[in-house]
Amino acid sequence: MKTLPWEYGVRNLFRRPARTALTLVGLTTVILLIFVVVAFIRGLEASLAASGDDDVVLVYALSSGADIENSSIPARTPALLAASLDGIQRRFDVQHISPEVYLGTRITVAGTDKKGLGLVRGVTTAAPLVRSKMQIVEGEWPGPGEVLAGKLAHSKLGCREEALSVGSTVTFDGREWRISGRFTAAGSAFESELWCPLQDMQTALKRQDLSLVAMKMAPGGSLAEVEMFCSERLDLELKAVPEAQYYASLQQHYKPVRLLGWVVVWLIAGAGVFAGLNTMYGAVVGRVRELSTLQAMGFRRRAITMSLIQEAVLLSVGGSLIAALIAFLLVNGTAVRFTMGAFALRVDSLAVVIGCGTGLVLGLLGAVPPAMKAMRVTVVEGIKAV
Amino acid sequence: MTLVQVKNVTKQYANGEETITPLNEVNLEVHQGDFLSLMGASGSGKSTLLNMIAGIDEVTSGEILVEGTDITKLSRGKLADWRASHVGYIFQTHNLIPVLTAYENVEMPLLLLKMSAAERRKRVEIALEAVNLTDRATHYPRQMSGGQEQRVGIARAIVASPTLVVADEPTGNLDDETTEQILELLQRVNNELGMTLLMVTHDIEASEIAKRQIRLERGKLTERQSESTNREITAA
């Protein structure tokens with residue numbers, strides 16, 4: 001089958017520049033919206049997925065349900081665990097066991113009156129041994145009265161990034177804290193937290209207990225060992241959960257949000273198809289005579305249909321590329337707050353495949369029905385159409 | 001040599017509850033090198049007959065043989081291929097592709113044939129020269145007058161050296177002077193290039209340039225030989 005020249009489809013796009021430009025803007029907007037929603041879903045998933053480490057076991061209060069924030073365990077728990085378990089990772093005679101206090105609290109950033117809800121984790125120097133993805137990217141480990149700010153903590157607090165720069169101060173629990181440094185944690189939920197020395201935090205909060213103990217297990221060390229400890233020390237009322245499982249359960253908690261996101265993607269795509277259909281119907285209706293002339297010359301209906309699809313797909317590919325570019329430049333990495341912290345919108349390969357793929361489908365679905373309608377007109381009627 | 005044989009062709013179509021029969025058991029023979037004009041009142045079926053011979057309209061019954069091939073039996077796809085290599089169509093409203101230049105418009109039918117780019121270029125140049133539009137090759141239809149557009153339409157119809165050139169009211173939209181030029185050009189296509197032409201027209205003067213003049217009345221064809229013989233025959 002002989003196809004119509006490529007230039008024919010391309011030049012037809014410039015035939016009605018205003019209409020083509022409007023369609024391009026419409027398609028770009030639709031595809032960009034899809035990019036944003038997919039980036040949101042992917043960012044949320046990535047944040048929760050990155051937060052769990054398979055080797056790390058969390059020990060916290062049996063009575064706290066699924067929420068570490070409500071947990072309270074005795075301060076002696078880390079020492080008891082260290083003395084009782086053989087499977088904890090140990091290097092240079094240091095056990096990788098991190099006692100922590102974790103809470104959500106109102107935090108005031110210096111220079112603003114507004115209090116933001118932030119997440120604070122009281123830690124010791126053992127914390128980076130257990131959370132191996134944690135990396136200080138600026139400043140230093142916090143000393144007394146200092147905090148280390150996660151890369152996305154500003155987003156969780158609803159302030160500008162500069163407000164949490166090294167040397168700035170934040171106030172929570174009636175005390176002012178100087179920011180000693182900043183850290184990243186491979187996109188995990190830790191990045192939206194403030195980390196301060198455990199002792200200072202306990203003093204500020206006037207509490208002796210801990211929220212949890214995080215332990216990195218050595219190769220061969222098992223969760224069963226920790227679970228057995230928890231079940232035998234009934235007086236401590238503890239439970240042990242692998243960190244990956246803990247965050248996986250949180251992912252389940254956000255499943256409806258993700259589902260809603262996908263529904264929004266479908267709805268936007270559906271609206272985009274109608275926009276595409278409308279444009280292509282308009283473009284084809286005005287060209288019935290020309291399309292019939294091509295048939296009279298000997299071009300087959302399929303070749304003409306393909307050329308019409310080519311036009312629509314060219315336009316949608318253009319829209320996809322522009323939307324992808326905008327998404328990379330303006331959407332990718334944008335921090336979004338949620339109850340568990342903050343995460344960065346993520347325009348990853350899947351987002352590109354879904355965004356650009358939807359763009360292509362919009363072009364195809366938008367072109368086929370109008371093209372088929374145009375091909376239903378007989379050549380004799382068509383060549384005399386106005 | 002007989003090129004086209006129209007055998008007992010009937011065309012009917014429904015108009016509400018009424019059945020209209022513009023062509024009833026029509027017979028016609030067109031010979032190689034003929035220039036045949038087809039006249040008749042509006043709605044007499046002259047364009048319908050032309051379109052059926054050109055393979056863009058279907059017969060209700062009967063046969064149309066072109067070089068021995070019954071085109072009424074061809075599938076839609078095969079008929080499209082047949083049109084590409086056998087028919088050049090000149091439209092009343094020129095029907096040029098607005099986004100293509102004169103050169104590209106003329107080249108279009110050649111894209112359907114197996115041909116090298118060099119051969120295509122040569123043929124397009126010859127066709128444009130034949131209609132005296134070489135200097136307008138890069139112009140778009142909107143940049144040309146009606147007469148120039150029609151000349152491009154003629155170049156497009158003849159560029160592939162088709163078996164048959166059909167023209168439906170080729171001067172219907174043109175002024176007197178341009179009409180004369182176009183008719184002269186059609187005569188040259190027939191005389192100098194030896195192409196077989198079938199032209200529908202309602203203009204008596206235009207019809208008189210043809211070697212054979214046929215009238216279509218009440219579904220039947222009547223042929224009148226050229227003025228020199230002034231002899232009327234019934235083709236059916």
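Trainee: Leaving aside neighbours within four places in sequence, which residues is Val59(A) in contact with?

Mentor: This is a predicted model, where local features need pLDDT of at least 70, side-chain atom pairs count only at pLDDT 80 or more, and totals for chains, interfaces and linings use all residues. Residues are numbered from 1 along each chain as its sequence is written, and chains are lettered from A and ligands numbered from 1 in the order in which they are written. Contact means C-beta atoms, placed from the backbone, within 7 Å. For Val59(A) the partners are Thr77(A), Leu81(A), Leu212(A), Val213(A), Met215(A), Val226(A), Cys230(A), Leu238(A) and Ala240(A).

Trainee: Which residues touch the most other members of the largest nonpolar core?

Mentor: A nonpolar core joins buried Ala, Val, Leu, Ile, Met, Phe, Trp, Tyr and Cys through C-beta atoms within 7 Å. Buried means 20 or more other C-beta atoms within 10 Å of the residue's own, C-beta atoms being placed from the backbone. This core has 179 residues, and the answer is Phe35(A), Val59(A) and Met215(A).

Trainee: Which helix gives the most to this core?

Mentor: Helices are DSSP runs (H or I, at least four residues), numbered from the N terminus. With 15 residues, the top contributor is H2 (residues 17-51) of chain A.

Trainee: Where does this core lie?

Mentor: Domain bounds come from an automatic or database domain assignment. Both domains of chain A give residues to the core, so it lies between domain 1 (6-49 + 254-382) and domain 2 (56-216).

Trainee: What separates the domain centres, taken over C-alpha atoms?

Mentor: The contact takes eleven residues from domain 1 of chain A and ten residues from domain 2 of chain A. The centres are separated by 45 Å.

Technical notes. A residue is buried if 20 or more other C-beta atoms lie within 10 Å of its own, exposed if 12 or fewer, and partly exposed in between; C-beta atoms are placed from the backbone. Helices (H or I, at least four residues) and strands (E, at least two) are DSSP runs, numbered from the N terminus. Two residues are in contact if their C-beta atoms, placed from the backbone, lie within 7 Å.
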